[in-house]
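Welcome! Here is a short briefing to read alongside the model, starting with a helix and moving on to the strands.

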Amino acid sequence: RPDGVASFGGHRSAMEIQLSVTDIERCFRVIDSHLDMFDAIHYWATPQAASLVQRTIEQKLPLVDRPRVQVRALGDLAR
């Protein structure tokens, strides 16, 4: 399950907060399962975790699905 869900005009988005770095395979499993159920995924992540999510998108997702996943680095907000 995602950390949160947003819905607007029939468009459903999964919200994920990623504060720690996991491995690329686990990150891919989360993204892949959410893409089956949601129109988009929005990640808010620490800079290191955001880098992992971005690498996962670039290495594992088909080109057609990549725009559906957005990553925002939290920077100083991640405390």
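The expected span of a helix is 1.5 Å times one less than its number of residues. Helix α1 has 14 residues and reaches 21 Å from its first C-alpha to its last, close to the 20 Å expected at 1.5 Å a residue. Helices (H or I, at least four residues) and strands (E, at least two) are DSSP runs, numbered from the N terminus. Please keep in mind that this is a predicted model, in which local features need pLDDT of at least 70 and side-chain atom pairs count only at pLDDT 80 or more, while totals for chains, interfaces and linings use all residues. Residues are numbered from 1 along each chain as its sequence is written, and side-chain values use heavy atoms, with hydrogens and water left out.

- Cys27, Phe28, Val30, Ile31, His34 and Leu35 are the buried residues of α1 (buried is under 20% relative accessible area, exposed over 50%, partly exposed in between; 1.4 Å probe, protein chains only).
- These residues are on the same side of α1 because they cover an arc of only 160° around the axis, the arc being that of the directions from the helix axis to the C-beta atoms.
- Their packing partners are β2, β3, α2 and β4, where contact means heavy atoms within 4.5 Å.
- Arg29, Asp36 and Met37 are exposed, on the face of α1 turned away from its buried side.

**The start of α1**
- Asp23 caps the N-terminal end of α1, with a side-chain oxygen 3.1 Å from the backbone nitrogen of Glu25 (a polar contact is a pair of N or O atoms within 3.5 Å; within protein, one must be able to donate a hydrogen and the other to accept it, and residues adjacent in sequence count only if both atoms are side-chain atoms).
- Glu25 lies in α1 and, at 36% relative accessibility, counts as partly exposed.

- Strands β2 (residues 11-18) and β3 (residues 40-45) run parallel, joined by six bridges; two strands pair if DSSP finds at least two bridges between them.
- From β2 the chain crosses through α1 (residues 24-37) to β3, a right-handed β-α-β crossover (with the strands pointing away from the viewer, the path from the first strand over the helix to the second runs clockwise).
- Five bridges link β3 to the parallel strand β4 (residues 69-73).
- The crossover from β3 through helix α2 (residues 47-60) to β4 is right-handed.
- Ile41 is the bridge partner of Ala14 and stands opposite Val69 in β4.

**Gln18 in β2**
- Gln18 lies in β2 and is buried, with a relative accessible area of 13%.
- Its contacts include Tyr43, Trp44 and Ala49, not counting residues up to four places away in sequence.
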